[in-house]
Amino acid sequence: MKTVSPDRPILVVGAGIAGLTMALALAERGFSVNLFERARVLDEVGAGLQLSPNATRILDRLGVVERLRAAAVQPEAIVLRRARSLREIARVPLGAGAVARWGAPYLTVHRADLQAALVARVQREPSIRLVTGATVRDAAYHARGVTLSIDHAGAVIEAAGDLAIAADGVWSTMRGTEGPPRSAFSGLTAWRATLPRGPSGGRPDAVLSGAVVTALLHGRFHLVAYPIRAGQAVNLVAVTRGAALTPSWSVPAAKDELAAALSRAPALARLVGEAGPWTRWPLHTVDPRGPWTSPRGIALIGDAAHAMTPFAAQGAAMAIEDADVLAETLHRHRDDFPAGLSRYERERKPRVARVVRRGAFNRFVWHAAGPIALGRDAVLRLRGPDRTLADLDWLYGWRGTGSAD
C-alpha cells in the first residue's frame with residue numbers, strides 16, 4: 001500500500017492531448033501535477049482531428065470546450081462516398097441530434113487549436129507545473145514513489161513524485177523503462193494537408209462543401225475530409241498502403257506519389273495538387289494487450305498504451321477517456337495507488353479492445369472492393385440512419401467510469 005504525500009506531485013510525461021488532459025483531470029480531483037514535455041515550444045503539430053461526444057463530454061467538464069467553440073466546427077453528418085464516382089453511400093446525422101442523443105457535441109478541430117485550449121486551462125491551474133524542453137532519460141522506482149532523471153536546460157535534474165504517468169505517445173520512451181518497446185508498423189501510411197475554403201474552382205464539391213465529415217472509400221485507400229478552423233479550412237487525411245518510414249509525425253511528402261496512389265479516383269488525384277504542403281507519417285500501433293501499469297508506480301495512457309489505426313477516429317478520444325478514468329481511479333484509491341492502477345487497467349482494456357475491433361471492421365468495410373463493396377453499399381442503404389446511430393451508442397454515449405458498454 002502506498003499513501004499519497006501532499007508534498008509530492010504526480011509526474012506526467014508528455015504534454016500532448018493525453019498529457020494535458022491527464023494533468024487537468026488530476027488537478028480537478030485535488031492532485032498536484034508536474035508535467036514534462038520534450039519540446040521547448042508547444043507549437044502546431046499535426047492537422048485536424050475528430051472529437052466525438054464521449055471525448056467532448058469530458059473536455060466540457062474540464063472547461064476546454066468553451067475555449068474551442070470559436071475554432072471548432074460541429075459537423076451536420078458523417079457521409080460515406082465512393083471515391084471514384086463520389087456517389088453517396090450512407091449518411092450518419094450529427095449536429096444538434098448528436099447533442100440530444102449523446103449529451104455532448106461531435107466536433108472537428110485543428111489539433112493546434114485543441115492543444116492551445118488545453119494549455120490555456122493548464123496555465124490557470126496553480127496545482128499544475130508545466131516544464132518544457134525536458135527530456136526524461138530514466139525512471140527509478142522506490143518505496144516512496146518514483147524519481148525521473150531529466151535533461152533540462154543543459155543540465156540533468158531529478159523530479160520526485162508519487163507516481164509516473166506516461167503520456168508520451170506511440171514512440172514512448174517511458175514505455176521502454178518497463179520493457180522493450182511494443183510499437184509496430186501497420187503497413188499503412190497516412191498523408192495529411194489542409195486546404196483553404198474558397199470558390200470551388202473545379203474542386204469536387206462533394207468533398208469540400210458543407211459542414212460534414214466525408215469519408216471517400218476505395219479498395220486501395222480512403223480519404224477523409226472535414227472542416228476545421230471555424231470552417232475556413234478543410235482537413236484532408238488519406239490512408240494508403242506504404243513502406244515503413246522514419247518514425248515522425250511530419251515527414252515532407254511528394255504530391256506526385258500520393259496522386260499516383262489515388263489515380264483511380266481522378267477528382268481526388270486532382271485535389272491532391274491543390275492542397276498542401278503534404279506530410280505523411282507511418283501508422284504504428286501498440287498492442288493493447290500488453291501491460292499498461294506496474295505496481296511500482298507507472299501508468300501508460302493514450303498512444304503509449306494502445307496506439308491504433310484511425311479507422312474508428314478514436315485515437316484522441318481514447319486518450320481523453322484514459323486520462324479521466326485514471327484520474328478517477330487514483331482519486332478513489334488515494335491511499336492505495338497500486339489498487340487504483342489495477343482498477344484503471346481493468347476498466348479500460350475491454351473498452352479499448354472493443355474500439356480496436358471496431359476500427360478493424362471499419363478498415364475492412366472502407367477498403368472493400370468488387371462484389372464485397374457492392375454488398376456493403378446495399379447493406380448500408382438498407383440499415384438507414386436510425387440503426388446506424390443505435391450502433392454508435394456504446395461508443396459515443398459512454399459517460400465515464402462505471403458506465404455500461
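Q: Is Tyr-396 buried or exposed?

A: Buried means under 20% relative accessible area, exposed over 50%, and partly exposed in between, with a 1.4 Å probe and protein chains only. Tyr-396 has a relative accessible area of 5%, so Tyr-396 is buried. This is a predicted model, in which local features need pLDDT of at least 70 and side-chain atom pairs count only at pLDDT 80 or more, while totals for chains, interfaces and linings use all residues. Residues are numbered from 1 along each chain as its sequence is written, and side-chain values use heavy atoms, with hydrogens and water left out.

Q: How many aromatic pairs are there?

A: Rings of Phe, Tyr and Trp (its six-membered ring) pair if their centres lie within 6.5 Å; planes under 30 degrees apart count as stacked, over 60 as edge-to-face and the rest as tilted. The count by this rule is five aromatic pairs. One of them joins Trp-102 and Tyr-396 edge-to-face, at 5.0 Å centre to centre and 85° between the planes.

Q: Where in the chain do Trp-102 and Tyr-396 lie?

A: Helices (H or I, at least four residues) and strands (E, at least two) are DSSP runs, numbered from the N terminus. Trp-102 is in helix 4 (residues 95-102) and Tyr-396 in helix 13 (residues 393-396), 294 residues apart, so the pair links distant parts of the chain. Trp-102 counts as buried, at 2% relative accessibility.

Q: Which aromatic pair does Tyr-106 form with Tyr-396, stacked or edge-to-face?

A: The pair of Tyr-106 and Tyr-396 is edge-to-face, with 5.7 Å centre to centre and 70° between the planes. Tyr-106 lies in the loop between helix 4 and strand 6 (107-110), and Tyr-396 in helix 13, so this pair ties together parts 290 residues apart in sequence. Tyr-106 counts as buried at 2% relative accessibility. Trp-102, Tyr-106 and Tyr-396 are linked into a cluster by ring pairs.

Q: Which ring does the charged end of Arg-354 sit over?

A: A charge sits over a ring if NZ of Lys or CZ of Arg is within 6 Å of the ring centre and within 35 degrees of the ring normal. The charged end of Arg-354 sits over the ring of Trp-394, 4.0 Å from its centre. Arg-334 lies over the face of Phe-31, 4.1 Å from the ring centre.

Q: Where does helix 11 bend?

A: The bend at a residue is the angle between axes fitted to the seven residues ending there and the seven starting there. Helix 11 bends by about 30° at Arg-348, and Pro-350 follows within four residues.

Q: What does the side chain of Thr-147 make a polar contact with?

A: A polar contact is a pair of N or O atoms within 3.5 Å; within protein, one must be able to donate a hydrogen and the other to accept it, and residues adjacent in sequence count only if both atoms are side-chain atoms. The side chain of Thr-147 makes such a contact with the side chain of His-142 (2.9 Å). Thr-147 lies in strand 9 (residues 145-152) and is buried, with a relative accessible area of 17%.

Q: Which residues does Pro-252 touch?

A: Contact means heavy atoms within 4.5 Å. Not counting residues up to four places away in sequence, Pro-252 touches Trp-278 and Thr-279. Pro-252 is found in strand 16 (residues 251-252) and is exposed, with a relative accessible area of 69%.
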